[in-house]
Amino acid sequence: MYIDPKWRVLTVGDGDLSFSASLLKNHQPQQLTATIYDSMACLQEKYGDDYYQQLQQDNCQVITDFDVTDKKTWGKLVKKSFDLVIFQFPLLPAFSSEKAFKTYCETYSVNTLNRALLRKYLLNCFQYFLDDNGVKLAFITSKNVKPYLQWNIEKSLIRNTDINYIGRFYFDISKFPDYKVRNVNRDKHVKSTQGTTYIYSLESLENCKTIFDDKSDDYITYNRQSRVPEHKTCQACRTGAFATERDKLMHLATKKHQQMFAYEEQWSDFLQQESANKHIT
Ligand SMILES: C[S@@+](CC[C@H](N)C(=O)[O-])C[C@H]1O[C@@H](n2cnc3c(N)ncnc32)[C@H](O)[C@@H]1O
């Protein structure tokens, strides 16, 4: 992950703050504000507060009880003052009970709710967190396995917005010594699975390339226009090109495709509802 020492960085949804502590120590950004969703008491109970104390000693601002979807929880955060916002391995918080799970998932699946969290994260990054005069970058790092791959992170989150998906790179955890990827609700270190960092900006791909080219040793796969005609691909599963129509039909008949298609349908419903609500309020 390329982090320019000139950048002012905001981290969102850090688990035990080990990512933020490692980032500060090993990448030394000009300024870092670290946030966690949990309360101080919860942090102490789940993981202990070693990294919190470490960050405090380094005069780094740490905000607890920070819900990226809810302005009221942002406390002393200085708006529009960052160059880069990072959300590592996002995931909805655990439901407190079966009843809470049923209430939340009455209308939408967990897949849609996770996408909604990330869409709100990106919208808030560009509306409230990122400095209009800075480099304006938002990163999401996520695992390369199901169910995360089924969120269609690259394309679905920014539909009908002016945010651009710029590209992605392999998340190399060895560049973040002592970082422990955490589960949502347990005092356990998640088994290391490979991660990908997705890059978003309001700027065009060409402008963003100047930020990374020659500076980052991560190989970035830029989001270039595909030369494959859309009808030879499956947009829901992001796969193709199919050599023949028969190959495509065989793909469309698979369970994997049908599940992805259902997720995409529900996501479209969600976005329609979001847009309708915007017109009412
Ligand atoms: C799988 S954990 C990863 C934790 C940490 N980022 C890491 O890499 O170890 C997912 C994290 O997302 C956070 N999260 C979920 N919903 C959030 C929200 N609305 N605002 C901020 N953080 C949130 C959770 O609190 C949890 O810490």
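1. Y222 counts as partly exposed because 15 other C-beta atoms lie within 10 Å, whereas a buried residue would need 20 or more and an exposed one 12 or fewer. This assignment, like the others in this note, refers to a predicted model.

2. Y222 belongs to strand 8, which covers residues 221-222. Apart from neighbours within four places in sequence, the contacts of Y222 are I166, G167, L205 and K209. A separation can also be given for Y222 and L122: they are 100 residues apart in sequence, and their C-alpha atoms are 19 Å apart in space.

3. Helix 1 (residues 18-27) has S18, F19, S20, A21, L23 and L24 buried. Which elements do the buried residues of helix 1 pack against? They pack against strand 1 (8-12), strand 2 (31-35), helix 3 (50-57) and strand 4 (84-88). Just after helix 1, the backbone at Q28 adopts a positive phi of about 40°.

4. The largest nonpolar core holds 51 residues, and within it L55 and V85 touch the most other members. Helix 5 (residues 110-129) supplies the largest share of this core, 7 residues. Setting aside residues up to four places away in sequence, V85 touches L10, V12, C125, F129, L130 and A138. In soluble globular proteins, nonpolar side chains tend to be buried together.

5. The ligand is surrounded by 22 residues, of which G13, G15, Y37, Q88 and R182 are the closest. How many residues of each class form the shell around the ligand? The shell has 13 nonpolar, 5 polar and 4 charged residues.

6. The domain assignment of the protein gives domain 1 (8-224) and domain 2 (226-281). Taken over C-alpha atoms, the centres of domain 1 and domain 2 are separated by 26 Å. To the contact between them, domain 1 contributes 10 residues and domain 2 contributes 6 residues. On the side of domain 1 that touches domain 2, the residues comprise 2 nonpolar, 6 polar and 2 charged.

Key: Residues numbered from 1 in each chain as written. Predicted model: local features only at pLDDT ≥ 70, side-chain atom pairs only at ≥ 80, totals over all residues. Near = placed C-beta within 6 Å. Nonpolar A, V, L, I, M, F, W, Y, C, P; charged D, E, K, R; others polar. Domains from an automatic or database assignment. Contact = placed C-beta atoms within 7 Å. Helix = DSSP H or I, 4+ residues; strand = E, 2+ residues; numbered from the N terminus. Core = buried A, V, L, I, M, F, W, Y, C linked by C-beta atoms within 7 Å.
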